[in-house]
Amino acid sequence: MDTLTWKVSSLDPDPELIANAAEAILDGKLVAFPTETVYGLGANAMSAAAIEKLFTAKGRPATNPIIIHIVTRAQLERVVSSWPAEAEKLAHYFWPGPLTLILPKKNAIPANVTAGTAMVGVRVPDHPVALALLNKSSCPIAAPSANLSNAISPTTAKHVLSGLSGRIDAVLDGGPCKGGIESTVLTLSGGVPRILRPGLIDRPTLEMVLGKPVLEDVNSLDDTQPLSSPGQLPRHYSPKTPLELVQGSGWLRVERLLEAGRKVGWLTFGMAVAQDRSHPRLVTRPMPADPVAYSTRLYAALHELDAENLDRIVCAEPPDRDVWTAIRDRLKRAAGQAAEA
Ligand code: TXA
Ligand code: MG
């Protein structure tokens with residue numbers, strides 16, 4: 001199939017194009033759209049057939065459940081069968097925004113959305129294009145990140161097309177996403193809130209709002225257990241080029257690889273450029289020292305380096321601090337290492 005591109009203003013999207021997209025989704029088609037985190041690949045969450053197409057287009061294993069996006073209370077009520085006071089509190093503070101809540105699902109939600117489990121992930125995205133689409137389509141929209149399974153999430157329509165052109169019906173191109181990495185996934189089941197995937201909202205912030213401890217459950221998985229959140233597989237969010245995480249600026253490792261004749265990509269902090277460490281076989285991407293700005297840049301930088309046919313990407317490890325947790329998690333997964341204990 002030909003994938004259509006509908007270019008829209010990110011602040012004030014053309015209602016006619018939004019109507020086209022909403023109609024396509026209601027029709028069971030797949031339409032990618034920008035959110036504040038990354039581009040999502042949308043499908044009608046109430047249609048098992050549309051969801052089936054999502055899995056096929058992404059090459060996604062059927063065991064990996066999909067987040068449902070909503071905007072109205074009416075949509076929320078079609079998705080979750082229970083709405084505890086803690087969920088209301090979190091939604092009040094963080095929605096629209098990058099927080100996905102895992103809650104018991106309504107029967108009408110097709111089983112393939114939740115990979116056969118009784119729990120569903122739900123969030124309200126904070127992006128005018130996503131919100132316009134949700135308001136127009138009236139149905140809740142299931143949307144995983146709009147990339148082939150295990151590849152880097154897309155933060156531009158170009159990234160979406162580089163992986164999924166010909167496999168999806170359309171993309172709403174609303175420019176680059178601001179957030180850059182995915183939402184925090186939080187489960188409220190079992191009495192103690194647990195983070196299943198670190199994301200743009202960090203643990204201390206959730207604890208502040210809930211007034212109680214929040215656990216990080218990202219290491220609880222092993223091969224013998226069913227996955228509680230398959231985004232937590234050790235290797236996920238990966239560039240095609242092998243990536244190494246190193247302490248310090250990474251220059252010593254880069255130099256070694258260059259001496260061995262390798263073509264190297266280098267993700268590091270600003271100073272590298274100031275010191276003019278250039279080389280014909282080196283592609284450097286200096287990254288911001290601020291975690292919010294770093295998140296915005298990260299996937300685009302990985303997409304750019306991946307397009308350079310490099311032998312290796314060397315990445316300077318960011319500081320071991322709460323505000324860097326989600327970024328460190330994604331980098332470790334890009335490097336194919338399990339998350340730190
Ligand atoms: O920011 C985001 O969350 C983006 C945008 C498009 O909303 N979406 C996204 O979706 O990252 P995806 O499919 O790439 O990752 C969803 C994560 C996976 O780790 C999945 O296992 C987990 O959320 N998840 C979804 N539904 C779940 C459920 N019912 N129970 C446990 N984990 C769930
Ligand atoms: Mg994904």
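1. A crossing of two helices is called left-handed if the near helix is turned anticlockwise from the far one by less than a right angle, and right-handed if clockwise. In this predicted model, helix α10 passes helix α11 in a left-handed crossing, whereas the crossing of α1 and α5 is right-handed.

2. For the pair α10 (residues 291–306) and α11 (residues 325–334), the axes come within 10 Å and cross at roughly 30 degrees. Since angles under 35 degrees count as roughly parallel, α10 and α11 are therefore described as roughly parallel to each other.

3. The residues that bring this pair together are Pro291, Tyr294, Ser295, Leu298 and Tyr299 on the α10 side, which meet Ile327, Arg330 and Leu331 of α11. Sorted by class, the contact of α10 with α11 holds 6 nonpolar residues, 1 polar and 1 charged.

4. The other helix pair to look at is α1 (residues 15–26) with α5 (residues 128–137), which pack at an angle of about 60 degrees, their axes lying 9 Å apart. That angle makes α1 oblique to α5.

5. From α1, the residues Ile18, Ala19, Ala21, Ala22, Ile25 and Leu26 take part, and they meet Val129, Ala132, Leu133, Lys136 and Ser137 of α5. The class count for the contact of α1 with α5 is 9 nonpolar, 1 polar and 1 charged residues.

6. Turning to the strands, 11 of them form an open sheet with mixed pairing, and their order across the sheet is β1-β8-β2-β3-β7-β4-β6-β5-β9-β10-β11. The edges are taken by β1 (4–7) and β11 (215–216), and because each has a single partner strand, one side of each is left without a neighbour in the sheet.

Technical notes: Residues numbered from 1 in each chain as written. Chains lettered and ligands numbered in written order. Predicted model: local features only at pLDDT ≥ 70, side-chain atom pairs only at ≥ 80, totals over all residues. Heavy atoms only, no water. Pairing = 2+ DSSP bridges. Helix = DSSP H or I, 4+ residues; strand = E, 2+ residues; numbered from the N terminus. Axes fitted to C-alpha atoms, helices over the stretch in contact; angles between N-to-C directions. Parallel < 35°, antiparallel > 145°, perpendicular 65-115°, else oblique. Contact = heavy atoms within 4.5 Å. Nonpolar A, V, L, I, M, F, W, Y, C, P; charged D, E, K, R; others polar.
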